[in-house]
Amino acid sequence: MSGQLIIVSAPSGAGKTTMLKRVIGTVARLSFSVSHTTRQPRPGEIEGRDYYFTDDSRFQQMIAEHGFIEWARVHENYYGTALAPLRDALAENLDVLLDIDVQGAAIVRGQSALPVYSIFIMAPTPEELERRLRGRRTEDEKGLRGRIRQAREEMAQAGTYDYLIVNEDLDRSVDTLCAIIVAERAKQRRSPDGEPIRWHEPH
Ligand code: 5GP
């Protein structure tokens, strides 16, 4: 018996980060995999909570030491998921959310030794996606154009995921994500809180 890896991918602007924060606060025995990245921290981001901010040489060293279960170049920067903390969490019967892009998702899914399922989150329309990205004001115009183009490309991969959530209304999307996690636990003979289900006959 072990926890499961839950891959969650979404084009930037789909509302994924907000959803994941809410779900982690709601569902028991659920942890978040903090990735390593070479990109600069954004205002408000905290080392060790949002990412491990890493320089290029350290990142390359981790690749060479096989420290990542997957890594990818996204928007000009490197992002990677360290393997050791995932193993520890699964062994403790925790489910682990992996907020990774479509390239990373394909790599993790290919590792059939690990229990994994995947969820794709999308904005309701291309116009709404662009509106949300502009509203974030974290990118200059060039960066924004790149993210919009990339988002359109990523949408083409939505069909390869086990579940699809259209994030039109935040509360409903969070409910849907929680329902998926609880249903996957039931399939694994675990309670909604992630504990193994045991049946004790009276003596
Ligand atoms: P952001 O820079 O906006 O935080 O993230 C950009 C993209 O990188 C998002 O699509 C996010 O899911 C993806 N990402 C974050 N961490 C990882 C990771 O460890 N591996 C991969 N492959 N993608 C990641």
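A cavity is a set of grid points over the protein atoms alone where a 1.4 Å probe fits but cannot get out. By this rule, the predicted model holds one cavity of 30 Å³ or more. The largest pocket has a volume of about 1,100 Å³, and the space taken by the ligand is this pocket.

**The cavity**

- The largest cavity contains about 30 Å³ of space.
- Its lining is formed by Leu5, Ile69, Leu83, Leu86, Arg87, Leu90 and Leu114.
- By class, six of these lining residues are nonpolar, none is polar and one is charged.
- Helix α3, which spans residues 83-91, makes the greatest contribution to the lining of the largest cavity, with four residues.

**The largest pocket**

- About 1,100 Å³ of space lies in the largest pocket.
- A total of 41 residues line the largest pocket, and those closest to its centre are Lys16, Thr17, Arg42, Tyr51 and Asp99.
- Two or more lining residues come from each of the helices α1 (16-26), α5 (126-136) and α6 (141-155), and likewise from each of the strands β5 (68-74) and β6 (77-82).
- Helix α1 supplies the largest share of this lining, namely six residues.
- The lining of the largest pocket comprises 14 nonpolar, 13 polar and 14 charged residues.

- The ligand is surrounded by 17 residues, of which the closest are Ser35, Arg39, Tyr51, Glu70 and Tyr79.
- This shell divides into five nonpolar, five polar and seven charged residues.
- Strands β5 and β6 each provide at least two residues of the shell around the ligand.
- The side chain of Tyr79 places an N or O atom 2.5 Å from an oxygen atom of the ligand.
- In the case of Gly80, a backbone N or O atom lies 3.2 Å from an oxygen atom of the ligand.
- The side chain of Arg147 has an N or O atom that is 3.2 Å from an oxygen atom of the ligand.
- On its own, the ligand has 510 Å² of accessible area, and the protein covers 94% of that area.

**The second largest pocket**

- The volume of the second largest pocket is about 360 Å³.
- This pocket is lined by 15 residues, and the closest to its centre are His75, Glu76, Lys142, Gly143 and Gly146.
- Strand β5 and helix α6 are the elements that give two or more residues to the lining of the second largest pocket.
- Helix α6 gives the most to this lining, with eight residues.
- By class, the lining of the second largest pocket has one nonpolar, five polar and nine charged residues.

- Strand β5 gives two or more residues to the lining of the largest pocket, two or more to that of the second largest pocket, and at least two to the shell around the ligand.
- Helix α6 gives two or more residues to the lining of the largest pocket and eight to the lining of the second largest pocket.
- Tyr51 is among the residues closest to the centre of the largest pocket and is also one of those closest to the ligand.

Key: Residues are numbered from 1 along each chain as its sequence is written. This is a predicted model: local features need pLDDT of at least 70, side-chain atom pairs count only at pLDDT 80 or more; totals for chains, interfaces and linings use all residues. Side-chain values use heavy atoms; hydrogens and water are left out. On a 1 Å grid over the protein atoms alone, a cavity is a set of points where a 1.4 Å probe fits but cannot get out, and a pocket is an open set with protein on both sides within 12 Å along at least five of seven lines; lining residues have an atom within 4 Å of a point. Grid points are joined across faces, edges and corners, and a volume is the space filled by probe spheres set on the points. Ala, Val, Leu, Ile, Met, Phe, Trp, Tyr, Cys and Pro count as nonpolar, Asp, Glu, Lys and Arg as charged, and the others, Gly among them, as polar. A residue is near a molecule or strand if one of its heavy atoms lies within 4 Å of it. A polar contact is a pair of N or O atoms within 3.5 Å; within protein, one must be able to donate a hydrogen and the other to accept it, and residues adjacent in sequence count only if both atoms are side-chain atoms. Accessible areas come from the Shrake-Rupley method with a 1.4 Å probe; for residues, only the protein chains shown count as cover. A molecule sits in a cavity or pocket if more than half of its atoms lie within 2 Å of its grid points.
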